[in-house]
Amino acid sequence: MTVTVLLFASYADALGKSAIELDVAPGSTVRDILGTLSAMPGGDRLPPRPLVAVNQEYASASTALHGGEEVAVIPPVAGG
Amino acid sequence: MRIALVDGPIDVSALIVEVSDDSCGAATVFLGCVRDVNEGRAVTGIEYSAYRSMAEREMTAIAREAAERFGVTRLVVEHRLGTLRLGDVSVAVVAAHPHRAPALDAMRFAIEQLKRRVPIWKLELYVDGTREWVGAGAVPEGVR
């Protein structure tokens with residue numbers, strides 16, 4: 001199954017891209033996605049526990065993925 | 001109530017007209033503007049970007065919460081994206097109500113929640129030609 005990972009702002013700069021299609025094993029969680037990202041080139045510039053949203057809602061590390069989700073890694077927000 | 005991410009200048013007067021009617025004895029306005037100095041560095045502008053779909057969703061949730069908490073349904077929140085120069089209005093919160101206290105409370109609540117929750121980012125542009133993401137050095141709260 002696949003999920004779409006979205007990266008923004010400083011995190012997009014770190015990985016050098018703003019969207020990544022990831023193949024993930026059934027039963028994967030947000031934590032697994034973060035592990036995969038941290039192993040990518042530039043992934044060491046992501047914090048160990050960034051904010052994550054799944055399908056536009058803030059999620060936890062243990063949130064389960066079923067395929068097809070939009071998983072966004074959210075840098076510290078700075079609107080206003 | 002209405003929220004929007006916009007790509008051009010925010011027309012504050014139009015927003016006041018939009019939320020007000022003859023029942024409203026008070027209208028409150030908060031404007032966020034691009035400032036010339038941040039943490040001692042001279043700024044020439046800010047590039048705003050967002051996770052648009054989620055930002056709209058969070059802004060809508062905030063407007064609903066303001067209505068529930070303060071009974072203020074006459075509320076509009078607009079946030080501008082793109083490259084803004086000094087003095088440009090980046091965000092406007094306008095609330096109207098028969099009485100001033102709910103209008104003030106709803107306005108304050110909406111801007112504070114926006115700054116805390118809505119996925120929008122600032123790339124600050126400095127006089128010396130460098131640029132930096134605001135808050136990028138902050139330790140995130142971590143996945144909840």
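**Where the chains touch**

I began with the contact between the chains: 24 residues of chain A are in contact with 29 residues of chain B (in contact means that the C-beta atoms, placed from the backbone, lie within 7 Å). This is a predicted model, where local features need pLDDT of at least 70, side-chain atom pairs count only at pLDDT 80 or more, and totals for chains, interfaces and linings use all residues. Residues are numbered from 1 along each chain as its sequence is written, while chains are lettered from A and ligands numbered from 1 in the order in which they are written.

Next I asked which elements of chain A supply at least two residues each of the side that touches chain B. They are α1 (9-15), β3 (51-54) and β5 (70-74); helices (H or I, at least four residues) and strands (E, at least two) are DSSP runs, numbered from the N terminus. The largest share, three residues, comes from β3(A).

I also noted the make-up of this side of chain A: 18 nonpolar residues, five polar and one charged. Here Ala, Val, Leu, Ile, Met, Phe, Trp, Tyr, Cys and Pro count as nonpolar, Asp, Glu, Lys and Arg as charged, and the others, Gly among them, as polar.

**The sheet of chain A**

I traced an open sheet of five strands in chain A, in the order β2-β1-β5-β3-β4, with mixed pairing (two strands pair if DSSP finds at least two bridges between them). Its edge strands, β2 (19-23) and β4 (57-58) of chain A, each pair on one side only. I then followed β3(A) to β5(A): they run antiparallel, joined by four bridges, and Leu51(A) stands opposite Ile74(A).

**A helix in chain B**

Which residues of α3(B) are buried? I found Pro102(B), Ala103(B), Ala106(B), Met107(B), Ala110(B), Ile111(B) and Leu114(B) (buried means 20 or more other C-beta atoms within 10 Å of the residue's own, exposed 12 or fewer, partly exposed in between, with C-beta atoms placed from the backbone). They lie on the same side of α3(B) because they cover an arc of only 155° around the axis, taken from the directions from the helix axis to the C-beta atoms. On the other side, Ala101(B) and Arg116(B) are exposed. The buried residues pack against β2 (26-33), α2 (52-70), β5 (74-80) and β7 (89-97) of chain B.

**A hairpin in chain B**

Last, I looked at β8(B) and β9(B), which form a hairpin with four residues between them. In the turn, Gly129(B) has a positive phi of about 90°.

Key: Contact = placed C-beta atoms within 7 Å.
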